[in-house]
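Please read the following explanation alongside the sequence and the coordinates, taking one part of the fold at a time.

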Amino acid sequence: MNSPHPSAANRERLLTIMRVCHRLQQPLPPRTRLAPLVGCTSRQLHRYIERLKAEGVVALRRGSRCVHVQEIAL
C-alpha cells in the first residue's frame, strides 16, 4: 500500500526541482514528466504537492497551461 506521505528522498527531489523552476522563473514540468523524476506516480505526486501546499512550504500559481512556483519557503 502506498503512503500519501512522501519519503524524505522524494520530498527532497521534488523541492529541489521546485526551487530550480522558481529561480529560473519557469513553470513546473507536467505531472506525467515530473513524477518519474521524483520517483513516484502521477497520483502520488499530486498528493505530495497538495501536502506541501497545506504545510505552507510552497505556493503555486496556475497559468493557462502550466503551474508556476510562486513562493517557496526553505
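In this predicted model, the buried residues of helix 2 pack against helix 1 and helix 3. The residues of helix 2 that are buried include Leu34, Ala35 and Val38, and because they cover an arc of only 105 degrees around the axis, they lie on the same side of helix 2. The other side of helix 2 carries Thr32, Arg33, Pro36 and Leu37, which are exposed. An α-helix has 3.6 residues a turn, so residues three or four places apart point the same way.

Leu37 deserves a separate look, as a nonpolar residue that is found in helix 2 and has a relative accessibility of 51%, so that it counts as exposed, the cut-off for that class being over 50%. Between the C-alpha atoms of Leu37 and Val69, which are 32 residues apart along the chain, the separation is 17 Å. Just after helix 2, Gly39 adopts a positive phi of about 100 degrees.

The packing of helix 2 with helix 3 can be followed in more detail. Two packed helices are described by the angle between their axes and the distance between the axes. For helix 2 and helix 3 the angle is about 85 degrees, and the axes are 9 Å apart; the two helices are therefore roughly perpendicular to each other, since angles from 65 to 115 degrees fall in that class. Helix 2 contributes Arg31, Leu34, Ala35 and Val38 to the contact, while helix 3 contributes Ser42, Leu45 and His46. Sorted by class, the residues of this contact are four nonpolar, two polar and one charged.

In soluble globular proteins, nonpolar side chains tend to be buried together. Here the largest nonpolar core has 19 residues, and those with the most contacts inside it are Leu14, Met18, Leu28, Val38, Leu45 and Leu52. Two or more residues of this core come from each of helix 1 (8-24), helix 2 (31-38), helix 3 (42-54) and strand 2 (67-72), with helix 1 giving the most, namely five residues. Leu52, one of the core residues with the most contacts, touches Arg11, Leu14, Leu15, Met18, Val57 and Val58, where residues up to four places away in sequence are not counted.

Conventions: Residues are numbered from 1 along each chain as its sequence is written. This is a predicted model: local features need pLDDT of at least 70, side-chain atom pairs count only at pLDDT 80 or more; totals for chains, interfaces and linings use all residues. Side-chain values use heavy atoms; hydrogens and water are left out. A nonpolar core is a set of buried Ala, Val, Leu, Ile, Met, Phe, Trp, Tyr and Cys residues joined through side-chain atoms within 4.5 Å. Buried means under 20% relative accessible area, exposed over 50%, partly exposed in between (1.4 Å probe, protein chains only). Helices (H or I, at least four residues) and strands (E, at least two) are DSSP runs, numbered from the N terminus. Contact means heavy atoms within 4.5 Å. Axes are lines fitted to C-alpha atoms, for helices over the stretch in contact, and angles run from 0 to 180 degrees between N-to-C directions. Angles under 35 degrees count as roughly parallel, over 145 as roughly antiparallel, 65 to 115 as roughly perpendicular and the rest as oblique. The arc is that of the directions from the helix axis to the C-beta atoms.
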